[in-house]
Amino acid sequence: MSSTVLMATPSLLKEMEAAYQTCFTSSFPPYSLFSARSNGTVITAYKSGKVLFQGAHAESEAGRWKEKGAETSDKEKKASSASALPKGFDQWSVIGSDEVGNGSYFGPLTVVAAYVDQSQLALLKELGVKDSKNLSDKQIIAIAKDLVTFLPYSSLTVWPEKYNQIQPSMSQGKMKALLHNQVLLHAAKKISPQKPDAILIDQFAQEKTYFNYLTGEKEIMNQNVYFATKGESRHLAVAAASIIARYSFLKGLDECSQLAGIPLPSGAGAQSDVAAARVLKKGGLPLLGKVAKLHFANTEKAKKIAGYK
Ligand code: MG
């Protein structure tokens with residue numbers, strides 16, 4: 001059984017409490033704020049801000065909240081700093097990779113790798129490339145449109161329909177590892193024979209786990225590979241990849257909205273439940289499966305709202 005620990009701010013704890021309210025367990029452990037069972041995962045939140053996710057989908061369930069700013073716990077941070085970056089790393093020529101959409105109920109999962117040469121660092125800064133969490137969607141779209149005109153990059157999108165086919169037999173972690181590996185290989189081929197100084201993956205799994213996921217792959221990007229949480233603040237290549245991935249996700253979400261015939265929100269909150277219920281009423285599970293990641297707890301909540309059996 002896998003488990004993940006996150007640290008949440010008081011306001012995020014409140015949001016989590018509201019999100020899981022309908023699936024609280026009958027009693028709560030000592031010192032806990034609440035305990036809930038959702039999506040095959042037991043979620044226990046403590047007053048200290050620590051939130052424990054246990055169960056088969058612990059990682060993807062925690063991922064929803066990471067996108068909203070919850071942080072990995074100190075213990076996991078320490079483990080990941082084992083692959084601390086060399087001094088001056090932010091000035092190197094790097095291929096960075098990041099994914100967007102894994103915590104959003106609606107829309108695709110997009111993974112992007114982008115190469116940023118040392119000589120382009122100043123230009124990227126000038127274009128406003130920084131942590132996409134600090135940028136509005138409008139800013140992200142504008143910057144991404146600039147970036148794709150000159151940065152070597154590779155992008156892969158897994159649409160909900162495909163995602164729902166793969167997901168029951170593959171963890172989200174493995175899916176992400178395979179996608180990161182693919183885009184990194186593509187991006188490296190694009191700039192060949194030039195070689196990057198390093199690869200930086202925005203960390204979503206321990207290094208060992210990441211490479212375990214890739215066992216059996218024909219080609220594995222494993223030279224000079226570094227992992228860092230908050231990779232977008234460690235090198236502009238990850239920040240650029242993240243911006244392009246978000247842009248691509250937003251376009252994908254738009255397409256899903258058109259398919260559904262109603263605007264679909266990003267994220268996985270109560271708004272998503274309501275929108276999903278509307279989609280169910282229009283086209284049932286077949287339509288919902290084309291626009292949403294069905295294994296999220298939102299599906300069951302939407303069925304209840306829509307009275308769908
Ligand atoms: Mg990331």
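Trainee: Which residue of E8 is the bridge partner of Leu-109?

Mentor: In this predicted model, Leu-109 is bridged to Val-158 of E8.

Trainee: How many bridges does E7 make with E6?

Mentor: There are 7 bridges between E6 and E7, and these strands also run antiparallel. One example is Gly-96, whose bridge partner in E7 is Ala-114.

Trainee: Why is E7 called largely enclosed?

Mentor: A residue is buried when its relative accessible area is under 20%. In strand E7 (residues 109–116), 8 of the 8 residues are buried, so the rest of the structure largely encloses this strand. Both faces take part: Leu-109, Val-111, Ala-113 and Tyr-115 point one way, Thr-110, Val-112, Ala-114 and Val-116 point the other way, and all are buried.

Trainee: Let's turn to the metal. Which residues coordinate the magnesium ion?

Mentor: Asp-98 and Asp-202 do, each through OD, at 2.1 to 2.2 Å. The cut-off for a donor atom here is within 2.8 Å of the metal, so both residues qualify.

Trainee: Why do you say that this pair ties together parts that are apart in sequence?

Mentor: Asp-98 belongs to strand E6 (residues 94–100) and Asp-202 to strand E9 (residues 198–202), so the pair ties together parts that are 104 residues apart in sequence.

Trainee: Are those two aspartates buried or exposed?

Mentor: Asp-98 and Asp-202 are both buried.

Trainee: Why is Lys-145 called partly exposed?

Mentor: Its relative accessibility is 47%. Exposed would need over 50% and buried under 20%, with partly exposed in between, so Lys-145 counts as partly exposed. This lysine sits in helix H5 (residues 137–150). From Asp-98 it is 47 residues away in sequence and 17 Å away in space, C-alpha to C-alpha.

Trainee: What does the end-to-end span of H9 say by comparison with its expected value?

Mentor: H9 has 25 residues and reaches 35 Å from its first C-alpha to its last, close to the expected 36 Å. Of its 25 residues, 20 are buried, so H9 is largely enclosed by the rest of the structure. Just after H9 comes Gly-261, with a positive phi of about 80 degrees.

Trainee: One more sheet, please. What is the strand order in the open sheet of 5 strands?

Mentor: The order is E2-E3-E4-E1-E5, with antiparallel pairing.

Trainee: Why are E2 and E5 described as edge strands?

Mentor: Strand E2 (32–38) and strand E5 (71–72) each have a single partner strand, so one side of each is left without a neighbour in the sheet. On this sheet packs helix H1 (residues 10–20), which touches E2, E3 and E4 and makes about 40 degrees with the direction of E2. Helix H2 (residues 58–66) lies across strand E1 (3–7), E2, E3, E4 and E5, running at about 15 degrees to E1.

Trainee: What makes E3 a paired strand on both the E2 and the E4 side?

Mentor: At least two bridges are required. E3 has 6 with E2 and 5 with E4, both in the antiparallel sense.

Trainee: Which residues take a positive phi in the two hairpins?

Mentor: In the hairpin of E2 and E3, with 2 residues between the strands, Asn-39 has a positive phi near 55 degrees. In the hairpin of E3 and E4, with 3 residues between the strands, Gly-49 has a positive phi near 100 degrees.

Terms used: Residues numbered from 1 in each chain as written. Predicted model: local features only at pLDDT ≥ 70, side-chain atom pairs only at ≥ 80, totals over all residues. Heavy atoms only, no water. Helix = DSSP H or I, 4+ residues; strand = E, 2+ residues; numbered from the N terminus. Contact = heavy atoms within 4.5 Å. Axes fitted to C-alpha atoms, helices over the stretch in contact; angles between N-to-C directions. Donors = N, O, S within 2.8 Å, 3.2 Å for Na, K, Ca; no water. Buried < 20%, exposed > 50% of the residue type's maximum accessible area, 1.4 Å probe, protein only. Expected span 1.5 Å × (residues − 1).
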